[in-house]
Amino acid sequence: MSQPKVIIVGGGFAGLAAAKALRKTPAKVDLIDRTNHHLFQPLLYQVATSVLTPSQIATPIRSILRNQMNTTVILGEVSGVDKDQKCVIVSDADRKNVPIAYDYLILATGASHSYFGHNEFAEHAPGLKSLADAEAARNKILQAFETAEAEEDVARHRDLLTFILVGAGPTGVEMAGALAIFVRSTLKSDFRRVNPASARIVLVDMAPRVLGPFSESLSKAARQRLEKLGVEVRLGHSVDQIDGDGIVVGGERIASKTVIWTAGVAPSPAGKWLNAETDRAGRVRIEKDLTVPGHPEIFVVGDTASLDQNGKPLGGVAQVAMQQGRYAGKLIHNRIVGNPPPGPFSYFDKGSLAVVGKGFAVLQSGKVQISGFLAWLTWAAVHLQFLATSSLRLAVFLQWVWTYVTGQRGDRLIVNHHGTELAKPAADANVKPAFAGR
Ligand SMILES: Cc1cc2nc3c(=O)[nH]c(=O)nc-3n(C[C@H](O)[C@H](O)[C@H](O)COP(=O)(O)OP(=O)(O)OC[C@H]3O[C@@H](n4cnc5c(N)ncnc54)[C@H](O)[C@@H]3O)c2cc1C
């Protein structure tokens with residue numbers, strides 16, 4: 001008898017955990033992802049701020065699963081699901097819209113940026129979700145210093161060296177802290193005409209406090225720390241406009257050539273593919289066993305799924321994604337080998353962490369709330385532990401020690417994959433800047 005076929009779409013935290021849970025299952029497993037790597041998104045901001053290189057936070061999915069003989073990794077983009085024919089529609093570099101049949105399907109396609117209906121912001125305020133985004137942000141930040149150094153008109157330096165981060169959640173706060181350390185210490189001796197330490201870093205959010213998911217006291221500690229690092233924190237107003245000259249927030253224009261968007265996420269279109277019920281954000285509503293109602297063979301897990309626990313929706317964080325992926329894999333394994341199913345999915349919250357610059361983090365786990373160096377050590381240990389391979393753990397650990405001791409960073413290259421700005425015809429106003437089109 002032929003073995004059942006399991007298709008996993010997405011090799012992020014949820015999809016990879018599901019694949020690993022199926023390693024001993026007598027099944028053919030296909031893991032399909034549109035990138036060839038598993039990305040550790042929590043450290044993307046460190047690539048954007050030159051602490052780490054892209055290859056220190058991402059690993060080829062194929063190499064992670066190289067010893068898992070029942071699993072085939074396919075580089076392809078899924079664009080739909082045919083629930084009746086039980087197949088996913090996949091395109092790759094060579095073939096378009098190929099149906100691939102499944103007996104069990106796990107959709108773990110994550111989320112992308114949301115500009116809250118203002119998609120026009122995207123051109124001037126790129127987000128931070130992929131390696132390409134992080135490299136683009138790094139290019140943009142480094143380019144701003146180069147442009148300022150070359151600019152003889154001192155009056156323009158302030159605008160060129162104003163960096164705005166929209167979104168004061170964990171990503172915005174972590175990025176603002178890292179950027180402040182970068183400009184005030186790493187770059188301090190590298191320029192002659194501009195003083196990097198004078199760079200202005202502005203963090204804006206419509207929420208009344210930074211780090212909304214954390215307690216008020218930790219949020220306050222994080223804000224104080226940011227302000228100590230010289231970050232201007234502007235809360236309580238939504239951004240009305242973002243253009244090539246900066247932003248308008250609360251009726252005030254802040255001039256800047258570098259705006260980064262860390263404010264919102266939107267789930268993948270899995271809900272549309274399945275024509276299934278979604279929550280207001282568009283995440284697929286799933287049963288307690290993580291299946292789609294009426295389809296016990298289809299699982300949706302991670303950031304693209306919506307499930308309540310104790311009356312509250314589970315958050316879009318890596319721990320939820322990993323635990324759900326593991327559960328879906330285990331449930332499918334049990335069904336295939338004829339074991340009883342596990343009980344309903346229950347998320348075990350190990351706590352939340354956010355780092356604010358060098359040697360300072362906030363930690364919230366149950367009743368435990370701490371901020372400072374101990375929380376930072378915990379943050380570092382947890383992030384090292386969850387990197388995908390031991391070689392990444394070692395590389396990131398050594399880089400962090402080096403950066404901590406010397407203040408120097410790993411990757412300060414401006415890598416422009418579309419040629420240099422200088423090479424462009426000056427009059428060609430239709431050519432987009434390199435960072436905007438990738
Ligand atoms: C900048 C940033 C910082 C974060 N920091 C933290 C943190 O500190 N702690 C924390 O817990 N969480 C953090 N998160 C959230 C965490 O990364 C997500 O909750 C987690 O990645 C969700 O896992 P996932 O498997 O659902 O999706 P992802 O990890 O996003 O994986 C989705 C995968 O699906 C693939 N894919 C998507 N669409 C398709 C398609 N159509 N066809 C084929 N493949 C497709 C993608 O290429 C990707 O590999 C952060 C997120 C970001 C963006």
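1. Basis of the note. This is a predicted model, in which local features need pLDDT of at least 70 and side-chain atom pairs count only at pLDDT 80 or more, while totals for chains, interfaces and linings use all residues. Residues are numbered from 1 along each chain as its sequence is written, and side-chain values use heavy atoms, with hydrogens and water left out.

2. Shell around the ligand. The ligand is surrounded by 27 residues, of which the closest are Ala-14, Asp-33, Val-78, Asp-303 and Ala-318; a residue counts as near the ligand if one of its heavy atoms lies within 4 Å of it. By class, the shell holds eleven nonpolar, eleven polar and five charged residues, where Ala, Val, Leu, Ile, Met, Phe, Trp, Tyr, Cys and Pro count as nonpolar, Asp, Glu, Lys and Arg as charged, and the others, Gly among them, as polar.

3. With a polar contact taken as a pair of N or O atoms within 3.5 Å, an oxygen atom of the ligand lies 2.6 Å from an N or O atom in the side chain of Asp-33. Backbone atoms also take part: a ligand oxygen is 3.0 Å from a polar backbone atom of Gly-316, and a ligand oxygen is 3.4 Å from a polar backbone atom of Val-317. Of the 990 Å² of accessible area that the ligand has on its own, the protein covers 89%, the areas coming from the Shrake-Rupley method with a 1.4 Å probe. Helix 1 (13-21), strand 6 (77-82) and helix 9 (318-337) are the elements that give two or more residues to this shell; helices (H or I, at least four residues) and strands (E, at least two) are DSSP runs numbered from the N terminus.

4. How many cavities of 30 Å³ or more does the model contain? The count comes to two, a cavity being a set of points on a 1 Å grid over the protein atoms alone where a 1.4 Å probe fits but cannot get out, with lining residues having an atom within 4 Å of a point.

5. Second largest cavity. About 40 Å³ of space lies in the second largest cavity, which is lined by Ile-74, Val-90, Ser-91, Asp-92, Arg-95, Val-98 and Ile-100.

6. Most residues other than glycine have a negative phi. Lys-86, in the loop between strand 6 and strand 7, has a positive phi near 50°, and Asn-97, in the loop between strand 7 and strand 8, has a positive phi of about 50°. Lys-86 counts as partly exposed because its relative accessibility is 32%, between the limits for buried (under 20%) and exposed (over 50%).

7. Gly-359. Gly-359 and Ala-380 stand 21 residues apart in sequence and 9.6 Å apart in space, C-alpha to C-alpha.

Note on methods. A polar contact is a pair of N or O atoms within 3.5 Å; within protein, one must be able to donate a hydrogen and the other to accept it, and residues adjacent in sequence count only if both atoms are side-chain atoms. On a 1 Å grid over the protein atoms alone, a cavity is a set of points where a 1.4 Å probe fits but cannot get out, and a pocket is an open set with protein on both sides within 12 Å along at least five of seven lines; lining residues have an atom within 4 Å of a point. Grid points are joined across faces, edges and corners, and a volume is the space filled by probe spheres set on the points. Buried means under 20% relative accessible area, exposed over 50%, partly exposed in between (1.4 Å probe, protein chains only).
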